[in-house]
Amino acid sequence: MKKVLTYGTYDLLHYGHFRLLKRAKEFGDYLIVGISTDEFNLIKGKKCVQPFAHRAEIIKSIRYVDEVIPENSWDQKIDDIIKHKVDVFIMGNDWKGKFDFLKEYCEVVYLERTPEISTTILKDHINSKKNGKENIKT
Ligand code: C2G
């Protein structure tokens, strides 16, 4: 069984997240997703709308995802790769090069990021509606 591993916050799940997971699964038979905990997101400088438990449950329900594990720190990737016998580590190419040190342990692949969609865009859109400022053409 070829195992694939990726990590992320996955707040306010959107099409870009979904496409990353769908394409990641094509690299193997079993996809593990490390979801950043609320505490780790604060270290990453991210304030989530949805708590870890909700984000993990939503990602776990995606047909391409086989297992969800908590991501508590920047430093757990090598241990996770060894523990879960991972063959391929995948991230969007906004992280290109950042995880090349993992090439010693498994294949490292950076997939093209889906343009024009992000959790920040979704938050801004929701806020603009709330404030009555329709600044994104629907
Ligand atoms: N992504 C994408 N296209 C987008 C937005 C995100 O392909 N339009 C990808 C990112 O490249 C990442 C995954 O979706 O591979 C999850 O994105 P985030 O939830 O923003 O995760 P991030 O904050 O980048 O956390 O240790 C790694 C970190 O936990 C990654």
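This is a predicted model: local features need pLDDT of at least 70, side-chain atom pairs count only at pLDDT 80 or more; totals for chains, interfaces and linings use all residues.
Biologist: How many residues surround the ligand, and which class has six of them?

Modeller: The closest residues around the ligand are Lys46, Glu71, Asp94, Thr114 and Ile117, and the shell as a whole counts 21 residues. Divided by class, that shell has seven nonpolar and eight polar residues, and the class with six is the charged one.

Biologist: Which element gives the most residues to the shell around the ligand?

Modeller: The space taken by the ligand is the largest pocket. The elements that give two or more residues to the shell are β1 (3-8), β4 (88-92) and α1 (15-25). With three residues, the element that gives the most is α1.

Biologist: Is Gln50 buried or exposed, and what is its relative accessible area?

Modeller: Gln50 belongs to the loop between α2 (38-43) and α3 (52-60). Since buried means under 20% relative accessible area, Gln50 counts as buried because its value is 18%.

Biologist: Which residue has its backbone nitrogen 2.6 Å from a polar atom of the side chain of Gln50, and where is that residue placed?

Modeller: The backbone nitrogen in question is that of Leu12, which lies 2.6 Å from a polar atom of the Gln50 side chain. Leu12 is itself buried, with a relative accessible area of 17%, and its place is in the loop between β1 and α1.

Biologist: Why does a positive phi deserve a remark in a residue other than glycine, and what is the value near which phi of Lys85 lies?

Modeller: The remark is made because most residues other than glycine have a negative phi. Leu12 has a positive phi, near 50°. For Lys85, placed in the loop between α4 (77-83) and β4, phi is likewise positive and is near 50°.

Biologist: Is Lys85 buried or exposed?

Modeller: The cut-off for an exposed residue is over 50% relative accessible area. Lys85 has a relative accessible area of 63%, and therefore Lys85 is exposed.

Conventions. Residues are numbered from 1 along each chain as its sequence is written. Side-chain values use heavy atoms; hydrogens and water are left out. A residue is near a molecule or strand if one of its heavy atoms lies within 4 Å of it. On a 1 Å grid over the protein atoms alone, a cavity is a set of points where a 1.4 Å probe fits but cannot get out, and a pocket is an open set with protein on both sides within 12 Å along at least five of seven lines; lining residues have an atom within 4 Å of a point. A molecule sits in a cavity or pocket if more than half of its atoms lie within 2 Å of its grid points. Helices (H or I, at least four residues) and strands (E, at least two) are DSSP runs, numbered from the N terminus. Ala, Val, Leu, Ile, Met, Phe, Trp, Tyr, Cys and Pro count as nonpolar, Asp, Glu, Lys and Arg as charged, and the others, Gly among them, as polar. Buried means under 20% relative accessible area, exposed over 50%, partly exposed in between (1.4 Å probe, protein chains only). A polar contact is a pair of N or O atoms within 3.5 Å; within protein, one must be able to donate a hydrogen and the other to accept it, and residues adjacent in sequence count only if both atoms are side-chain atoms.
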